[in-house]
Structures are given as C-alpha cells and as structure tokens.
Amino acid sequence: MAEPGPAAGENGVGGRAVRVGTRRSQLARIQTDSVVEMLRELHPDLHFEIVAMSTTGDKILDTALSKIGEKSLFTKELENALERNEVDLVVHSLKDLPTSLPPGFTIGAVCKRETPLDAVVFHPKNCGKTLGLLPEKSVIGTSSLRRAAQLRKKFPQLEFRDIRGNLNTRLKKLDEKEEFSAIILAAAGLKRMGWENRIGQLLSPEDCLYAVGQGALAVEVRAKDQEILNMVSALHDGETVLCCIAERAFMKRLEGGCSVPVAVSTMLKDGQLYLTGAVYSLDGSDSLKETMQTSVNYPQQNEDGPNDDVQHVGITAKNVAGQAQEAAENLGVELASLLLSKGAKHILSVARQLNDAC
C-alpha cells in the first residue's frame, strides 16, 4: 500500500462526513465497507457515511447484460450522485467501470486485487465434480459472453444459459431449482461474501481467461477534488494498478465491452509485466490469443509538475511510477493492435451483430 496522503480536514471534508457511494447489493456493501475500513485506519479522525443506491443494472434483471447495450450499467447513478456532490467517492468493482470515464471523473484508487479467476459453483447433487465430469447436455449458468465463449469451446458437450441477479439470487436459483447443474461466478465475489466453501472448481487462465479488472476494487472520485484524491490515493496497490492499466488499455483499443467476448490474464514478475489477451466468437469456435511483455521496472519520481494528474485509461496514480504506467498502457494498446492486425475486428463485429440479433 502507498504512503497516506494528507488528511481531508478535521472530521471530514469541510467539517462534514466523507460520503461514500455504493450499490445496494450485499456484495457491493461488503466491498465498500472494506474500503472504508482501510480509509478509517489511515484517517481515524475522519467520519465516513455510506450512501447506498440502486443502478440500472440492478433493476433490469430479465435481460442479459450483453443485450442492454449500456456501458455504464452499474455506475451511472453513482456517477450522477458524484457529479451532484451528493457523495465524495464511489466504490466499484473495477470490471464494471468503462475504459473511458465521463469527463470530470477519475479512478483515484485501485485496491490490491483479490484472485481474478472464475469459479464454478455446482448444484448440491454435483458436489465433488468438475465441469469435465458433468453429464452431457448439463446446463451451466453464466451472464458472461466471455465465459460462455471460452467454455463452449473447451466443453462442447455442455449447454450454457444466461443467469442474472446478484450473487445471492444466482446461488438461490442454482440450489433451489433443477435448471442448472452449475454456475460460473467470479471467485473474488464469493470470497468476499464468505462463501469460498461453495467454490467447486477454480478455472485457471488456461481454462478461462478472466475479465478486464476482475477481482479489483476501484474508488472513483471527482478529478478536480484534490483533497479526496489525495486521501484515497493511499489505497493504490502498485502491482494491481499496472496490471489493470494494461488490461483496460487492451480493452479500450479493441473497443470491447460486455457485449463482446474479450478476455485477459496478467502477471508481474521480476519487473516484467506479461499480458495475455484474447477475443472470441460467441460459440468460441473462432478466436485469437497472444501474449506480450514489457519492462515496468522504473523508479518512482516525486516531481511535482504539470503532468501531476495524468490519467491512464481513467486511472490517476501519482504514487506509482509514471513511466511504468505508460509502459503498461502501451503494452495493452500494442497487444490489441497485434490482434486487430490478425483479424480481431471481424471476430468482434460478428459477435456483436449475432448478440444483437439473438
């Protein structure tokens, strides 16, 4: 964790509580509480108030996410509150945040990443099995085109069906109905909810590359609110920042979103950042996958200047070496450009058209 910045006033901002926006779901509240707890440790003199609200994505539960066609499904209402000064910061799952934020906003902190892997949760009758051991035509629930595309290719004997709702709702649908043999969820969410014991199988990147930013929490703030920006920047985890900048730059260059299957895997080792990125057709039969690496071994330079608040794919991280962030962003762009040169645009545009037509 980075060094704490200056405290934001005596009891809050301008003498009032620091208001933290969040979605209403249990997982969102748990994630927000964990961020507020870290801030309280750094600023025991400050008072924090949590403001929960519902988003479009929380309200539309009968339509696949990929069909709704709105990039900020789980963020827009929270950003509106931020813009109206009703909250001072908002906690998101980073994977919910579009690669281009609305003007005036920035990601002021990317917290240390929980595992980014996907997990399989089995119906109680399939306890102890793996996807490969399920009977033919078993139905697997997932709301993600990315997961479905990869797993269709790997397990052609299984069927994949959309399942919506928050974690609690999806697990209830799995356990109480006979429709699904298993569902695929982000392992990070299950762990944060204290449901790690429900994970029947962890999918390695070889089985299923994960979503951009999966497992990381992001704190979104007003870009010009220096007091709050300084306060939350202490929560940045350098390794997570660099991995997520590369992933987000890859996604942005591809113009990907939840309506197309784009997947990644990153690793930082010995000063080298490795990024694997892939695009898939909806059924997984057509795909492109490549890996590239770059050095991010640059010293942190504490130079105040005009480039103080440079954003990299929406992230402001003054306490992470600027050259390293640039290298990470370039890595994402270059890998996406490589895939585009090999025909990624065609795969994604067909996937988008098919998804829209379904």
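**Before starting**

The model is predicted: local features need pLDDT of at least 70, side-chain atom pairs count only at pLDDT 80 or more, and totals for chains, interfaces and linings use all residues. Residues are numbered from 1 along each chain as its sequence is written, and side-chain values use heavy atoms, with hydrogens and water left out.

**The whole chain**

Display the chain as a cartoon. It has eleven helices and 15 strands; these are DSSP runs, numbered from the N terminus, with helices (H or I) of at least four residues and strands (E) of at least two. Of its 358 residues, 54% are buried. Here buried means under 20% relative accessible area, exposed means over 50%, and partly exposed lies in between (1.4 Å probe, protein chains only).

**The five-stranded sheet**

Select β7, β6, β8, β5 and β9. In that order, the five strands form an open sheet with mixed pairing; two strands pair if DSSP finds at least two bridges between them. β7 and β9 (201–203) stand at the edges with a single partner strand each, so one side of each has no neighbour in the sheet. From one strand to the next, the twist averages 30 degrees.

Now keep β5 and β9 on screen. Their pairing is antiparallel, over three bridges. Select V120 to find one of them: its bridge partner in β9 is Q201.

**Helices on the sheet**

Axes are lines fitted to C-alpha atoms, for helices over the stretch in contact, and angles run from 0 to 180 degrees between N-to-C directions.

How many of the ten residues of α5 are buried? Seven are, so the helix is largely enclosed by the rest of the structure. Among them are L145, A148 and L151. At the start of α5, select S144: one of its side-chain oxygens reaches to within 3.2 Å of the backbone nitrogen of R146.

**Salt bridges**

Side chains of opposite charge can pair when their charged atoms come close. A search of the whole structure finds 16 salt bridges, each a side-chain nitrogen of Lys or Arg within 4 Å of a carboxyl oxygen of Asp or Glu.

Move to R222 and D88, whose salt bridge has its closest N and O atoms 3.3 Å apart. R222 lies in strand β10 (residues 217–222) and D88 in the loop between α4 (76–83) and β3 (89–93), so the pair ties together parts that are 134 residues apart in sequence. R222 and D88 are both buried.

Finally, select R161 and E179, which meet in a salt bridge at 3.4 Å, N to O. R161 belongs to strand β7 (residues 159–161), while E179 sits in the loop between α6 (167–176) and β8 (182–186), 18 residues apart. Are these residues buried or partly exposed? R161 is partly exposed, with a relative accessible area of 37%, and E179 is partly exposed, also at 37%.

Conventions: Polar contact = N/O pair within 3.5 Å; in protein donor to acceptor, adjacent residues only side chain to side chain.
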